[in-house]
Amino acid sequence: PTVGVEQIDPFLLVDEMGPITYAPGEAVGAPDHPHRGFETVTYVLQGEAQHEDSAGHRGTIGPGDVQWMTAGGGIVHSEEPSDAMKRDGGTMHGFQLWVNLPKRDKLMPPRYQEVKAAQLPKATTADGLAKVTVIAGEALGATARIETRTPIIYQHWVLEPGARVEQPVDAAMQGFAYVFKGTALVAGREVKDGQLALFSSGDSIELAATERAELLLLAGQPLNEPLARYGPFVMNTEDELVQAVRDFQAGRLGQIAR
Ligand code: CO
């Protein structure tokens, strides 16, 4: 996640994509590449992303949509701006998260879950000042539609001035808040746009704001397993990494049918 922090178990990566505005013909993505041993989660705020993979999944996600891809034993996918964005340009803003899989699931069959913005559970506090979109876990009585392999909380909070909410976070989880608009108060501490606040122990977190702020709240049960990572592969041992590279080179992670 940042210099000196290899992971916040089970989260391997948090990438804020943009916001970046492309001129016509300028938008770039990530053409065919492999993954094994974890999950990639894409949440689009602005723009359009197009996905294709070797397991036959295809989808275009736009503002507010989520795609939760489980690479499991291996997949080749492409992540590109939509054809319309490549042609006409536009603004891209979103997040990609890498969620580690437990040892028992590292070689599971690939899986693809896509939930459009309108189908994502949302809730608002009684005073109307805090709104949440629930990608994983539960908040304000709204329960996620996406199924995760281990307990995960992934929520997008929009806080208006004066908002204050206490969100339960299982004491067995490790969690953090990433602010991407304005300044929020996380457990009473100021966290600014672009800053990540790592939680200490406890079974809830207080989110508040004196100005309009938006943040991601992420938490998960740590796997506490050995971590071996190399580029797009995340396994438990070096030998498993070598095997992943060999399997990819031999074409055993498949290819995208076109
Ligand atoms: Co990828």
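This is a predicted model: local features need pLDDT of at least 70, side-chain atom pairs count only at pLDDT 80 or more; totals for chains, interfaces and linings use all residues.
Student: Let us begin with the metal. Which protein donors does the cobalt ion have?

Tutor: The donors are His33 (NE2), His35 (NE2), His77 (NE2) and Glu79 (OE), and they lie 2.0 to 2.4 Å from the cobalt ion. Along the chain these donors follow the spacing H-x1-H-x41-H-x1-E.

Student: Where in the chain do His33 and His77 sit?

Tutor: His33 is in strand S2 (residues 30-35) and His77 is in strand S7 (residues 75-81). The pair links distant parts of the chain, 44 residues apart.

Student: And are His33 and His77 buried or exposed?

Tutor: Both His33 and His77 are buried.

Student: What is the site of the cobalt ion like, going by its angles?

Tutor: The site is irregular, with angles of 84 to 177° among the four donor atoms. For comparison, four tetrahedral donors would ideally have angles of 109.5 degrees.

Student: Changing topic: why is strand S6 described as largely enclosed?

Tutor: Strand S6 (residues 66-70) has five residues and five of them are buried, so the rest of the structure largely encloses it. Both of its faces are covered, with Val66, Trp68 and Thr70 on one side and Gln67 and Met69 on the other.

Student: How many bridges join S6 to S3?

Tutor: S3 and S6 pair in the antiparallel sense over five bridges. Within S6, Trp68 is the bridge partner of Val41.

Student: And how many join S6 to S9?

Tutor: Five bridges join S6 to strand S9 (residues 111-115), and these two strands run antiparallel. Here Met69 has Tyr112 in S9 as its bridge partner.

Student: There is also an open sheet. What is the order of its six strands?

Tutor: The order is S10-S11-S14-S21-S16-S19, with antiparallel pairing. At the edges are strand S10 (122-124) and strand S19 (196-198), each of which pairs on one side only. From one strand to the next, the twist averages 20°.

Student: Over how many bridges do S10 and S11 pair?

Tutor: S10 pairs with strand S11 (residues 130-136) over three bridges, in the antiparallel sense. Thr133 in S11 is the bridge partner of Lys122.

Student: What about the largest nonpolar core: which residues have the most contacts inside it?

Tutor: That core has 28 residues, and those with the most contacts inside it are Trp157, Leu159, Val186, Leu207, Leu215 and Leu217. Two or more residues come from each of S11, S14, S16, strand S17 (183-186), strand S20 (204-208) and strand S21 (213-220). The largest share, four residues, comes from S21.

Student: Last topic, then. How many aromatic pairs does the structure hold?

Tutor: The structure holds five aromatic pairs. Phe11 lies in strand S1 (residues 11-22) and Phe176 in strand S16 (residues 174-181), 165 residues apart. Both Phe11 and Phe176 are buried.

Student: What about Tyr43 and Tyr154?

Tutor: Tyr43 and Tyr154 also form an edge-to-face pair, at 6.2 Å centre to centre and with 80° between the planes. Tyr43 is in strand S3 (residues 38-46) and Tyr154 in strand S14 (residues 152-159), so their pair ties together parts that are 111 residues apart in sequence. Tyr43 and Tyr154 are both buried.

Student: Which residues form an aromatic cluster?

Tutor: Phe95, Tyr178 and Phe180 form one aromatic cluster.

Definitions and conventions. Residues are numbered from 1 along each chain as its sequence is written. Side-chain values use heavy atoms; hydrogens and water are left out. Rings of Phe, Tyr and Trp (its six-membered ring) pair if their centres lie within 6.5 Å; planes under 30 degrees apart count as stacked, over 60 as edge-to-face and the rest as tilted. Buried means under 20% relative accessible area, exposed over 50%, partly exposed in between (1.4 Å probe, protein chains only). Two strands pair if DSSP finds at least two bridges between them. Axes are lines fitted to C-alpha atoms, for helices over the stretch in contact, and angles run from 0 to 180 degrees between N-to-C directions. Donors are N, O and S atoms within 2.8 Å of the metal (3.2 Å for Na, K and Ca); water is not among the atoms, so sites may look incomplete. Four donors count as tetrahedral if all angles lie between 85 and 135 degrees; four count as square planar and six as octahedral if opposite donors are over 155 degrees apart and all others between 65 and 115; anything else is irregular. A nonpolar core is a set of buried Ala, Val, Leu, Ile, Met, Phe, Trp, Tyr and Cys residues joined through side-chain atoms within 4.5 Å.
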